Amino acid sequence: MAINWFKYSSPSTFYRVAGKMVPWFAGSAAVLFVVGLYIGFFVAPTDIQQSEAYRIMFIHVPASILSMFIYLVMASYAALGLIFNTRLSSMMASALAPTGALLAFLSLWTGALWGKPMWGAWWVWDARLTSELILLFLYLGFIALHASIDDPRRADRASALLAIIGSVNVPIIYFSVQWWNTLHQGATVKFTGTSMHVTMQQGMYTMMLAVWLYAIAVSLLRVRCIILERECKAQWISELVEIRR
Amino acid sequence: MNKLSLIGLLSLVIRRDFVLAMRRRADVLTTLIFFVIVVSLFPLGVGPETDMLRKMAPGVVWVAALLASMLSLGRMFSADYLDGTLEQMMLVPQSLSVLVLAKILAHWMVSGLPLVIMAPVLGLQFDMSAQALWVLIAALFLGTPILSMIGAVGAALTLGLRGGGALVSLLVLPLCIPVLIFGAGAVEAVVSGTSVGSHLSLLGALLVMALVFTPWLTALALRISVE
């Protein structure tokens with residue numbers, strides 16, 4: 001049976017579907033957060049080299065990976081919106097941006113907290129840190145451009161173009177930063193290739209899944225708000241139960 | 001009326017923009033003076049030790065060039081947008097990308113090229129060696145057109161917006177980081193005695209890539225902004 005995908009790209013249908021999905025994603029994210037943090041802070045053994053400080057990785061690693069992944073998802077939605085002119089795709093792109101920026105910031109922040117006891121410095125001009133910082137700048141540029149254009153259609157299309165250019169540029173920036181760093185000096189800090197303990201892995205994957213579900217839940221919630229804002233004059237909105245009340 | 005060839009259009013728009021810029025020489029000079037002032041402020045800020053100045057010269061010149069090129073971006077399309085010329089330009093039967101490329105080249109000639117010519121003089125203030133100065137010129141010659149091209153996309157996206165100047169820097173500066181890295185890296189390579197060729201080749205590769213994609217992207221962005 002073929003599914004008519006365009007049915008779900010209509011804001012009125014998607015608003016209801018998203019409303020039904022949000023509690024499930026939010027609920028399972030909350031459960032997984034509790035489980036993951038419990039494994040991370042109480043079950044996982046203490047690291048020999050890094051002692052207790054390594055435990056920040058249970059938040060740091062999922063936040064970093066998701067912040068990069070969300071940029072790609074955002075750029076894909078933006079491209080969909082630009083190509084097929086579907087309103088919902090652009091709304092999804094602008095709903096994802098704040099979450100991505102937040103996770104990029106969290107990743108930098110937790111990285112600094114980890115760096116102080118480990119490297120003795122809050123910030124090191126390491127290739128990975130620098131490219132994460134630039135990723136945050138790209139998110140902020142996207143949000144700022146979207147916010148400063150009043151006409152929502154123009155805002156969607158202009159920031160979509162920016163997101164696509166950014167996603168093409170991300171690998172170039174990443175490699176140039178890496179070469180810039182290695183040209184100056186060899187990488188001073190590296191994870192040694194020690195294999196992780198099984199419970200550490202379990203904790204990290206649980207946290208990863210939790211952050212992933214959280215990102216989905218929050219973006220769906222945000223896209224519902226955006227739909228309400230943009231379509232406030234539409235007939236179907238005035239017929240909603242929560243609006244009539 | 002006979003149709004203009006693409007080369008004809010290119011040279012026509014370049015000549016037009018160049019004449020317009022020359023009528024307002026003050027605008028062109030402001031960018032150049034800004035560049036000189038920013039570079040001259042660094043020794044005042046960090047102290048006059050020659051060793052340190054020589055070491056940071058390439059970075060300082062490149063960052064100043066980056067900032068100066070941001071300064072002039074607002075002028076690229078805004079005057080034509082305000083008096084309606086841009087809309088007429090978008091109606092021409094020839095490709096808008098070629099027209100945009102001409103505008104970018106004209107913009108580089110009045111805002112990028114003066115920086116390239118001025119840079120060695122500033123390099124002397126920082127006690128750079130003759131060899132390093134040549135590499136600096138070569139790198140700026142390859143790099144500043146890229147800044148104009150990436151900047152053109154940003155300028156087209158922010159056309160007619162309030163607070164456009166600060167916004168365009170926010171959008172464009174992160175995208176210019178590779179240019180900065182390879183441009184300043186080339187000069188540092190010659191100072192430390194390693195190969196300059198790799199940096200300049202990468203810069204050239206970026207230039208070719210920008211030459212292919214940015215006029216088209218700018219044309220797309222202009223169509224989004226002017227509807």
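I'm calling two residues in contact if their C-beta atoms, placed from the backbone, lie within 7 Å. A note on the source: this is a predicted model, where local features need pLDDT of at least 70, side-chain atom pairs count only at pLDDT 80 or more, and totals for chains, interfaces and linings use all residues. Residues are numbered from 1 along each chain as its sequence is written, while chains are lettered from A and ligands numbered from 1 in the order in which they are written.

**Interface.** I started with how chain A meets chain B: 22 residues of chain A are in contact with 21 residues of chain B. On the chain A side, helix 6 gives the largest share, 13 residues. I sorted that side by residue type and got 16 nonpolar, four polar and two charged. My classes: Ala, Val, Leu, Ile, Met, Phe, Trp, Tyr, Cys and Pro are nonpolar, Asp, Glu, Lys and Arg charged, and the others, Gly among them, polar.

**Fold.** Next I looked up the elements of chain A and found nine helices and zero strands. Helices (H or I, at least four residues) and strands (E, at least two) are DSSP runs, numbered from the N terminus. The C-alpha trace of chain A spans about 60 × 40 × 35 Å along its principal axes.

**Burial.** I get 37% of the 245 residues of chain A as buried; the cut-offs are 20 or more other C-beta atoms within 10 Å of a residue's own for buried, 12 or fewer for exposed, partly exposed in between, with C-beta atoms placed from the backbone.

**A:Asp151.** I found A:Asp151 in the loop between helix 5 and helix 6 of chain A. A:Asp151 counts as exposed because it has 10 C-beta neighbours inside 10 Å.
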